[in-house]
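Let's take a friendly walk through this model, beginning with the overall picture and then turning to its charged pairs. Keep the sequence and the 3D view open as you read.

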Amino acid sequence: FMKKMQLRRLAEVSLLQFLSSVKLYCKSKPRVALFARLCGMVSQADNLLDDYAGVFYCCMHQTFTSAARGRMVESADFRTWIPITVVEQTFQQTMPWLQPSDLPAWSKLLKSLPCMPSEDASSEVVVDADEFLSLAMEEYLREQRLRLQGLIAAYEQINPDNDGIITFDDFSKMLGATDLQTCYSLSPPERLLMFSWALQNSSHGLGVKTDTITATASHFGLCSPFFDLFNAVDRGDNSAAES
């Protein structure tokens, strides 16, 4: 803003107007919401995915592979367009938790992304890459919220009154009751470390309530889909190398 406006006061005013616009439109525009999260402009409560940037760049790496790069199109308005076939393939590769029954609905949704106008009806359909990445990140956030809900449900089974009075055995039982590999595969020392962190950072004295569980899950990435994505990308890279 300083380079464009030259004057500091004018640059500050323009920056504040820009930030206000981002805050206004991030609730209705996926691309703006993506930008806001990458810049850390949302509160912790609204951005549960601490490794958001890491997930984004990992997903972007899968999208702009060497095979897709030669088929990308750049328009005059600086938008990047990629073939819908690449989008569908990338989506399935980077969303390993999706069930086969989920794919038809997502395929329909992907085909609704903005397409680059073309006079040639036989040409390959290309869609806005930014819109696709925004949609992918919204799916990551949705998946993480579902995982967090599952973790909270496991907590409520061991402490239905939410009075916060739980033991380490209760905490360990809660982790083991989930279907999340990031939870049930933890070793006893790792579980003890997390339980100690929860006690030390609780706002309820020595009580561990649902908000403490949420903070602990966020701090240690217990509900993050990033691990699934990382493993999927790693398997894909290894398969490509072998072939």
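## Contacts and overall make-up

A contact here means heavy atoms within 4.5 Å. Among contacts in the protein chain between residues at least 6 apart in sequence, 60% join residues at least 24 apart. The protein chain has 13 helices and 3 strands; these are DSSP runs, numbered from the N terminus, with helices (H or I) needing at least four residues and strands (E) at least two.

Before going further, please note that this is a predicted model, in which local features need pLDDT of at least 70 and side-chain atom pairs count only at pLDDT 80 or more, while totals for chains, interfaces and linings use all residues. Residues are numbered from 1 along each chain as its sequence is written, and side-chain values use heavy atoms, with hydrogens and water left out.

## Surface and burial

The protein chain exposes about 14,200 Å², and carbon and sulfur atoms supply 57% of that area. Accessible areas were computed by the Shrake-Rupley method with a 1.4 Å probe; for residues, only the protein chains shown count as cover.

How much of the chain is buried? Of its 243 residues, 38% count as buried. The word buried stands for under 20% relative accessible area, exposed for over 50%, and partly exposed for anything in between (1.4 Å probe, protein chains only).

You will find 3 salt bridges in the structure, each one a side-chain nitrogen of Lys or Arg within 4 Å of a carboxyl oxygen of Asp or Glu. One of them pairs Asp128 with Arg79, whose closest N and O atoms are 2.5 Å apart. This pair links distant parts of the chain, 49 residues apart: Asp128 belongs to strand S3 (residues 126-128), while Arg79 sits in the loop between strand S1 (73-74) and strand S2 (80-83).

Glu139 and Arg142 join in a salt bridge with an N to O distance of 2.8 Å. Both residues lie in helix H8 (residues 129-158), 3 residues apart, or about one turn of the helix. Glu139 is buried at 1% relative accessible area, but Arg142 is partly exposed at 36%.

Glu143 forms a salt bridge with Arg147, again with 2.8 Å between the closest N and O atoms. These two are 4 residues apart in helix H8, so about one helical turn separates them. Glu143 counts as buried at 11% relative accessibility, and Arg147 counts as buried at 10%.
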